[in-house]
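Here is a short briefing on one predicted protein model. It covers accessibility, salt bridges and helix packing.

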Amino acid sequence: MDPSLDAELRDDFLVEAGELVERLSEQLVELEASPRDAELLNAVFRAFHTVKGGAGFLAIEPMVQLCHHAEDLLNVARNGALVLDSARMDALLEALDLLNAMMDALRGGTSMAMPPPALLKRLTPGAAAPAPPPVAAPVAAPPADGSIDDSEFEALLDSLYGTAAPGTVAPAPAVPSPTHISDDEFEALLDNLHGTAAPGASAVPASSTTIADDEFEALLDNLHGKGAAPGAQPITAAPAPAPAPAPARAAAPAETSVRVDTGRLDALVNRAGELVLVRNRLQSLAQKSGDDMLAQAAAELDRVADEMQGAVLSMRMQPVGRLFQRFPRIVRDLARQLGKEVDLVTEGEGTDLDRSLVEALADPLIHLLRNALDHGLEMPEERVKVGKSRRGTVRLSASQRGERIVIAVSDDGHGMNPEVLKRKAVEKGVIDAAQAARLSENECYELIFRPGFSTAAQISDISGRGVGMDVVKTRVAELGGTLQVRSKLGQGSELQLTVPLTLAILRVLMVRVGPRLFALPLSNVEEVFELSAGQDRMLDGRLVANHRGRALPLGDLAGWAGVVGVAPRHVVVLHIGHQRIGCLVHEVLGREDVMAKPLGPLFEGLPGIAGATVTGDGALALVLDLAGLADDGGQLLPSLRAAG
């Protein structure tokens, strides 16, 4: 076989099997809670069976053996001979982990070992309890509508390909008809049933070129040894009368989807971004020229560019459910490790999110879920004492608000105590006593994002080192997102994570600092106001403004940019991660859609700079990286001149 064809088949298998395996993690956790759910059992069985079939076609024997044993266990459960208990579910989940590792090995081109015999033994249906001896099934008449169930169809395929499970008893034929037909004959049989046979093709040797539905059902009955239904005519080798011309069938619907390499999508998004820049330039020229015809053309281009931008970005979108489906397994394992009883409730799985954000949000959400289970929820006995149910609830929800995606992780635990948070922060040296006394309730909650802060009494492999929530803050800020904490003592807590809908094209607020232009991501901008005389003062050695009854830390963007001269008086309030900071600028110019371009290796790694873009009037503007612009205390980093 052509090596390029092998690689193409392998990649197709990895994509299709990967989708099944991703879904399996969530399905197995659901199955553990409802082990008698027939529909769920069939879905899990079919997933393993499909992966086994693809692996068998590619001759991946370790994967075939693993899926085959898991399939055997699930098949016995489908037939009602056993109920999947926690030990068997542990074995199935361990098999799923091994299957993921095998797919990673196949993807990386490395060799894979056969499944451990101990795991295969645990997947054997008779490992925990002796299986009853096979009993010949009583002959039953087929359903009135001539249909067959899933088990019969799977057995038919196994008999055709010789893949019947070890130990199964093949039924004997009830009439002297052949019990095996070749692949070509089976395909021709299906074609004749649906009127799609190739010209000159015959269904089976020494038979007519067409076969009725009743005859096909009789053939299936013969293969299964069920005998013909009362009144059904057996299949004979006698030639059938000449068939009447078949009525014309409607053409099969065309494919409605196509698989495209993500690199091509990214290139298309880049071109759409370039078009946005050209549109901005043309609109600026139309405004300056005063030409009505040029203004009309610019308006038409604006409409087309907006529609194209939306269409291109929608191609990059994925439902957030693909991200959520990996968490039930994580919550299940962590709850068992902590000795807690937890129900995970997910909402808004159909909310679309840029595919680049789906993977980027995985680690932050894992930290938030671990925090909810470890710190938020009480032990079952403690919950009963305060009148709650033994089982705690963790809710993971997603929704779209304008051009932002809001993902919330909430629990019904004991909530956060602001006084305890302040005391712990002072004990660990995160803040001093004077600063703690001035903190509001919401600011106390935000202490959990400070580096080195932890409320755990003991350090474990789950928590206690004070790094988990700090990682969340850093990662969310890098994505241009924000974090908010809400809590009510005795009722639970909620951590709300907000990120832009897409990172491909940025909507920014253009500001001027001296002669320089800067672009601030609009998703982080809360408001803009002009600083009045006496509104700013020094507090704890830094400049703050009295704004809406709170002390707002001010950062001098002019000083950071190395611009000297008239002091700026306009303030842009930014929400960076979990903190708010006011940036002093000379002028606020307005909003624009831009595409950030890298500055090249000479400026790579420069803190606070994400790239550059071209404004509508052709000027160059620096796009600021807000996550790298300020430290944990809301203080701007050293100036560009010093950094350079």
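D85 counts as partly exposed, at 35% relative accessibility. Buried means under 20% relative accessible area, exposed over 50%, and partly exposed in between, with a 1.4 Å probe and protein chains only. R88 is buried, with a relative accessible area of 9%. The side chains of R88 and D85 meet in a salt bridge, 3.6 Å from N to O. A salt bridge here is a side-chain nitrogen of Lys or Arg within 4 Å of a carboxyl oxygen of Asp or Glu.

The model is predicted: local features need pLDDT of at least 70, side-chain atom pairs count only at pLDDT 80 or more, and totals for chains, interfaces and linings use all residues. Residues are numbered from 1 along each chain as its sequence is written, and side-chain values use heavy atoms, with hydrogens and water left out.

**Whole chain**

- The protein chain has 21 helices and 18 strands. Helices (H or I, at least four residues) and strands (E, at least two) are DSSP runs, numbered from the N terminus.
- Of the 644 residues in the protein chain, 41% are buried.
- Take the contacts in the protein chain between residues at least 6 apart in sequence: 68% of them join residues at least 24 apart. Contact means heavy atoms within 4.5 Å.

**Salt bridges**

- How many salt bridges does the rule count? The count comes to 36.
- E71 and K52 pair through their side chains at 2.7 Å, N to O. E71 sits in helix α3 and K52 in helix α2, 19 residues apart, and the pair links distant parts of the chain. Both E71 and K52 are buried.
- E527 and R548 form a salt bridge at 2.8 Å, N to O. E527 lies in strand β10 (residues 525–530) and R548 in the loop between β12 (542–547) and β13 (550–556), so the pair ties together parts that are 21 residues apart in sequence.
- One network, joined by salt bridges that share partners, takes in E32, D90, D97, R329, R332, D333 and R336.

**Helix α2 with helix α3**

- Two packed helices are described by the angle between their axes and the distance between the axes. Axes are lines fitted to C-alpha atoms, for helices over the stretch in contact, and angles run from 0 to 180 degrees between N-to-C directions.
- The axes of α2 (residues 38–57) and α3 (residues 61–78) come within 9 Å and cross at roughly 155°.
- α2 and α3 are therefore roughly antiparallel to each other. Angles under 35 degrees count as roughly parallel, over 145 as roughly antiparallel, 65 to 115 as roughly perpendicular, and the rest as oblique.
- α2 passes α3 in a left-handed crossing. Left-handed means that the near helix is turned anticlockwise from the far one by less than a right angle; clockwise is right-handed.
- Residues of α2 in this contact include L41, F45, F48 and K52, and those of α3 include C67, E71, L74 and A77.
- The residues of the α2 contact with α3 divide into twelve nonpolar, five polar and three charged. Ala, Val, Leu, Ile, Met, Phe, Trp, Tyr, Cys and Pro count as nonpolar, Asp, Glu, Lys and Arg as charged, and the others, Gly among them, as polar.

**A77 in helix α3**

- A77 has its place in helix α3. A77 is buried, with a relative accessible area of 7%.
- Leaving aside neighbours within four places in sequence, A77 is in contact with L41, L82 and L84.
- A77 and R36 are 41 residues apart in sequence and 8.3 Å apart in space, C-alpha to C-alpha.

**Helix α9 with helix α10**

- The axes of α9 (residues 262–289) and α10 (residues 292–315) come within 9 Å and cross at roughly 160°.
- The two helices, α9 and α10, are therefore roughly antiparallel. α9 passes α10 in a left-handed crossing.
- The contact of α9 with α10 has 18 nonpolar, three polar and three charged residues.

**Helix α4 with helix α12**

- α4 (residues 86–108) and α12 (residues 327–338) pack at an angle of about 130°, with their axes 13 Å apart. That makes α4 oblique to α12.
- The crossing of α4 and α12 is left-handed.
- S86, M89, D90, L93 and D97 in α4 meet R329, R332 and R336 in α12. By class, this contact has two nonpolar, one polar and five charged residues.
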